[in-house]
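Dear colleague,

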Amino acid sequence: MSTEPISLLSQLREGQRGQVSSLSLSGEMRRRLQDLGIIEGTTILCLHRSAFGDPCAYLIRGAIIALRNCDSQKIRIKAI
């Protein structure tokens, strides 16, 4: 297992948790993710990666949300 800190949501493996440190998105997509509860300090658990790795299912504030890699690559996290 790697000891390097995880820096992007898209890098979480199934069963790993991370805490949001920042969003590198703007406009409607940023607002949508914030409305879903993806804000600084939120803990996210990777539940499932699809067969080809896109999209992935995450547990965010009690809700299961699927995100595409192109969106999850713009969410910076720190491993917890």
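Glycine 18 has isoleucine 44 in S2 as its bridge partner. The model is predicted, and this pair belongs to the antiparallel pairing of strand S1 (residues 17-23) with strand S2 (residues 43-49), which extends over three bridges. S1 also pairs with strand S5 (residues 75-79), again in the antiparallel sense, here over five bridges. Within S5, arginine 76 is the residue that stands opposite serine 22.

These strands belong to a protein chain with five strands and two helices. Read from the N terminus, the order of elements is β-α-β-β-β-α-β.

As to overall form, the radius of gyration of the protein chain is 11 Å, which agrees with the value near 12 Å that a compact globule of 80 residues would have. Along the principal axes, the C-alpha atoms occupy a box of roughly 35 × 25 × 25 Å. Of the contacts between residues at least 6 apart in sequence, 56% connect residues at least 24 apart.

Regarding burial and surface, 36% of the 80 residues in the protein chain are buried.

With kind regards

Key
Residues are numbered from 1 along each chain as its sequence is written. This is a predicted model: local features need pLDDT of at least 70, side-chain atom pairs count only at pLDDT 80 or more; totals for chains, interfaces and linings use all residues. Side-chain values use heavy atoms; hydrogens and water are left out. Helices (H or I, at least four residues) and strands (E, at least two) are DSSP runs, numbered from the N terminus. The radius of gyration is taken over C-alpha atoms; the globule rule is 2.2 Å times the number of residues to the power 0.38. Buried means under 20% relative accessible area, exposed over 50%, partly exposed in between (1.4 Å probe, protein chains only). Contact means heavy atoms within 4.5 Å. Two strands pair if DSSP finds at least two bridges between them.
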